[in-house]
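Visitor: Could you take me on a close look at a single part of this model, and then show me a few other places worth a stop? I would enjoy one connected account.

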Amino acid sequence: SKIENVLHLAKKKNIGFAVSDHNQIAGAVKAVKLKKQKKQDTLVIPAVEATCKEGSHLIYYFYDATELQEWYKKELEPHMKYIPFFAAVPTVELIDNSTKYNAVLCTPHPFAPGVTGFCKQKHEKKTLKKIDVVEVMNAFNIHNLNKKAVDWANQLNKGFTAGSDGHTTPELGTALTFAHGDTVEEFLTSLKKRESIA
């Protein structure tokens, strides 16, 4: 999708969005820059969906694009020299190395089929504590798998998010996260405080 088209559709639908490409941040950085250039008040969250060594996905929502770029250059990019689709860094290692950054960690589609679901592996309690929010509604997931994510998030006492998992512009807004806040900081803080619905 062209970032310009996504910004236009978000404004038309009166919704914000996060750009969380797989193992890439160019789209997220461009979206933040374009929003400023156009002086648009659309909420744009810079993010990335990391595919770890085991195949599991993690989404990092950042408060600003500069820190996203810093994290990417240090924590993810060095692990993608051989296969751009899978970062050669274990899930737990990426989580541990990322705690020093100002970002919200989300486990998207935790019970998704295949290797992409975070819950396909067993994790220690200390790792689970580092998760901030759980994507409990994924537009591409079947209802039962989303329901399992809701139950798991409640069990862990984590905030809720929803994601369109959109790969084309028309999919924008097929799943929505509602939270308080007009700024990225307010919105992400609301998620961490469990003040959101999907």
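Guide: Let me begin with a term: contact means heavy atoms within 4.5 Å. Helices (H or I, at least four residues) and strands (E, at least two) are DSSP runs, numbered from the N terminus. This is a predicted model, in which local features need pLDDT of at least 70 and side-chain atom pairs count only at pLDDT 80 or more, while totals for chains, interfaces and linings use all residues. Residues are numbered from 1 along each chain as its sequence is written, and side-chain values use heavy atoms, with hydrogens and water left out.

The part I have picked is helix α6, residues 143-156. The expected span of a helix is 1.5 Å times one less than its number of residues. For the 14 residues of α6 that gives 20 Å, and the C-alpha atoms at its ends are 20 Å apart, so the two agree.

Which residues of α6 are buried? They are L145, N146, A149, W152, A153 and L156, where buried means under 20% relative accessible area, exposed over 50%, and partly exposed in between (1.4 Å probe, protein chains only). Viewed down the axis of α6, these buried residues fall within an arc of 120°, so they line one face of the helix; the arc is that of the directions from the helix axis to the C-beta atoms. H143, N144 and Q155 are exposed on the other side of α6. The cover over the buried residues includes β4 (103-107), α5 (125-128), β5 (133-138) and β6 (159-163).

Just after α6 comes N157, placed in the loop between α6 and β6. Most residues other than glycine have a negative phi. H109 also has a positive phi, near 30°, and is likewise not a glycine. H109 sits in the loop between β4 and α5 and, at 6% relative accessibility, counts as buried.

Strand β6, part of that cover over α6, holds T161. T161 is buried, with a relative accessible area of 2%. Leaving aside neighbours within four places in sequence, T161 is in contact with C106, V133, V134, E135, V136, M137, T177, L191 and A198. From T161 to L176 there are 15 residues in sequence and 7.6 Å in space, C-alpha to C-alpha.

In the loop between β6 and β7 (178-179) you will find T169, buried with a relative accessible area of 16%. Apart from neighbours within four places in sequence, T169 is in contact with S1, N5, V6 and L9.

Another threonine to visit is T51, in strand β2 (residues 44-51). T51 is buried, at a relative accessible area of 4%. With neighbours within four places in sequence set aside, its contacts are H22, N23, S56, H57, F85, F86 and A87. T51 and T91 are 40 residues apart along the chain, and their C-alpha atoms are separated by 8.5 Å.

Our last stop is a pair of helices. The axes of α3 (residues 65-76) and α4 (residues 91-98) come within 11 Å and cross at roughly 140°; axes are lines fitted to C-alpha atoms, for helices over the stretch in contact, and angles run from 0 to 180 degrees between N-to-C directions. That makes α3 oblique to α4, since angles under 35 degrees count as roughly parallel, over 145 as roughly antiparallel, 65 to 115 as roughly perpendicular and the rest as oblique. Where they meet, W71, E75 and L76 in α3 face L94, N97 and S98 in α4 by contact.
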